[in-house]
Amino acid sequence: MSLHRRRLLQALPAGLGLIMGAPALMGQARPQVVVIGGGPGGATAAKYIARDSHGVLDVLLIEPASSYVTCFHSNLYVGGLKSLDAITHSYERLSSSYGIRHIRQRAAHIDRDAKVVRLEDGSRLRYDRLVLSPGVDLLYDSVPGWGRSHEAAMPHAWKAGPQTQIMKARLDSVPDGGLIVMIAPPNPYRCPPGPYERASMMAHVLKNTGRARARIMIIDAKESFSKQGLFQQGWEEYYPGMIEWLGPKIHEGVKSVDPATNTVETGFEIYKDADLVNVIPAQVAGAIATSSGLAGPSGFCEVDSETMRSRIDPNIYILGDAIMSGDMPKSAFAANSQAKVAALNVRAELTGSPSFPARYANTCWSLITPDNAVKVGGSYSAKDGKITSDHSFVSQLDESAVMRKLQAEENIGWYDAICADIFE
Ligand SMILES: Cc1cc2nc3c(=O)[nH]c(=O)nc-3n(C[C@H](O)[C@H](O)[C@H](O)COP(=O)(O)OP(=O)(O)OC[C@H]3O[C@@H](n4cnc5c(N)ncnc54)[C@H](O)[C@@H]3O)c2cc1C
């Protein structure tokens, strides 16, 4: 028996080798890994599984889009610092360099008993292991008066692409003295500092174009938010009087919004005829996770923190924004880090390659101005079934301008590096 075959059989759970290992070793169908979702979670997992298994596994990426527009750095697009092209990435290299088959469809259903994914056109794909990274779905009924049909009138821009363009165009037409209302979501949601970086970039654009009398009201569902002290200090310094944040104890909840009149009514005040209302609703795991019975009562999926394997189905790995991620935030950095743990374990199961204890990392940079970035992050490992922080760091108040500029440069470098790691 070859060393490879012995390792393969040793690595497979009892009984599985007969089903999975034998056809591969007899030169028939290779084990097949299907990945649903081409964001930082799914695309990274597909790349690392295909690249490191050297053709032993077939890897299929199910993603309807031909390219991916990153939410990360979409705030830089809002701030006029990057073009949409600069945050758009093709999947082409994943196919040409690693042999990944990109199937441009939505996964409609997962038949977990048969280990088959049904696509929207009705075709079916078998899998030996499935990696699921569908991101979040927006809860359209979580803000009274707002829904899917109001996305153009009151954009969320929480999925990047046309929504971000609509919001940016509206921002560009806010007059001096105009009003922007942002409704910020409850926890847990994708990118905890995202709304506040967005407000900073909006203020930057308004101030730099002679509209410093415009106001941005943030109506938050939370009593506090990520890097709050740092943002608020920055807003006072760079955008005095432009950004006001209200927690629920003050605004007493969003009672309703009216997209026809751009009105937002809270228990505290009615904001009429706003120039831009940015509704960022509550979020849950992407619909395919829920419809396949993989999400729990929280709306997100529980995974084994050592492997990223679903706690409900051992043949499925789930990662990124769709999971309950313990101490890790929902970020592209986190999804990319989790994808590498999943890839390692998928390969270990299917090819007998070694696996190692899970280690995760995350850093989230946020721009207050183009030259002033703050950051928060940490390293994590699996403890007591949960992704647990081992070490964390956060920027300090009153840091020097030099330090903040360095962090802004780090942020630009990180983006280029992570996008190359995901898509090239
Ligand atoms: C404004 C903003 C700023 C952000 N800034 C940062 C930042 O600075 N740093 C950072 O690390 N993170 C940032 N994030 C967060 C980051 O974008 C997300 O955490 C990350 O995209 C999550 O990756 P994912 O792979 O889990 O999901 P996604 O990126 O959402 O990818 C999911 C993919 O799955 C596909 N899909 C869904 N359902 C199906 C289906 N049924 N069949 C086939 N395909 C499907 C979708 O088309 C999508 O392409 C930001 C987010 C926002 C909104």
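Student: By class, how many nonpolar, polar and charged residues does the shell around the ligand have?
Tutor: Keep in mind that this is a predicted model. The shell is made of 16 nonpolar, eleven polar and six charged residues. Altogether, 33 residues surround the ligand, and the closest are Glu-63, Tyr-68, Ala-107, Arg-190 and Asp-321.

Student: Which side-chain or backbone atoms lie at what distance from an oxygen atom of the ligand?
Tutor: For a polar contact, look for N or O atoms in pairs within 3.5 Å. Here, an N or O atom in the side chain of Arg-190 is 2.5 Å from a ligand oxygen. Ser-133 has a polar side-chain atom 3.1 Å from an oxygen of the ligand, and a polar backbone atom of Phe-333 is 3.0 Å from a ligand oxygen. As for cover, the ligand on its own has 1,000 Å² of accessible area, and the protein covers 93% of that.

Student: Which helix gives the most to the shell?
Tutor: Helix 11 does, with three residues. The elements giving two or more residues are helix 3 (40–53), helix 4 (74–78) and helix 11 (332–351).

Student: Why does the ligand lie between the two domains?
Tutor: Because domain 1 (31–137 + 284–356) and domain 2 (140–281) both give residues to its shell.

Student: Now Asn-411: is it buried or exposed?
Tutor: Buried means under 20% relative accessible area. Asn-411 has 2%, so it's buried. Asn-411 sits in helix 12 (residues 401–423). Leaving aside neighbours within four places in sequence, Asn-411 is in contact with His-73, Trp-365 and Leu-367.

Notes
Residues numbered from 1 in each chain as written. Predicted model: local features only at pLDDT ≥ 70, side-chain atom pairs only at ≥ 80, totals over all residues. Heavy atoms only, no water. Near = heavy atom within 4 Å. Polar contact = N/O pair within 3.5 Å; in protein donor to acceptor, adjacent residues only side chain to side chain. Areas by Shrake-Rupley, 256 points an atom, 1.4 Å probe, with all protein chains shown as cover. Helix = DSSP H or I, 4+ residues; strand = E, 2+ residues; numbered from the N terminus. Nonpolar A, V, L, I, M, F, W, Y, C, P; charged D, E, K, R; others polar. Domains from an automatic or database assignment. Buried < 20%, exposed > 50% of the residue type's maximum accessible area, 1.4 Å probe, protein only. Contact = heavy atoms within 4.5 Å.
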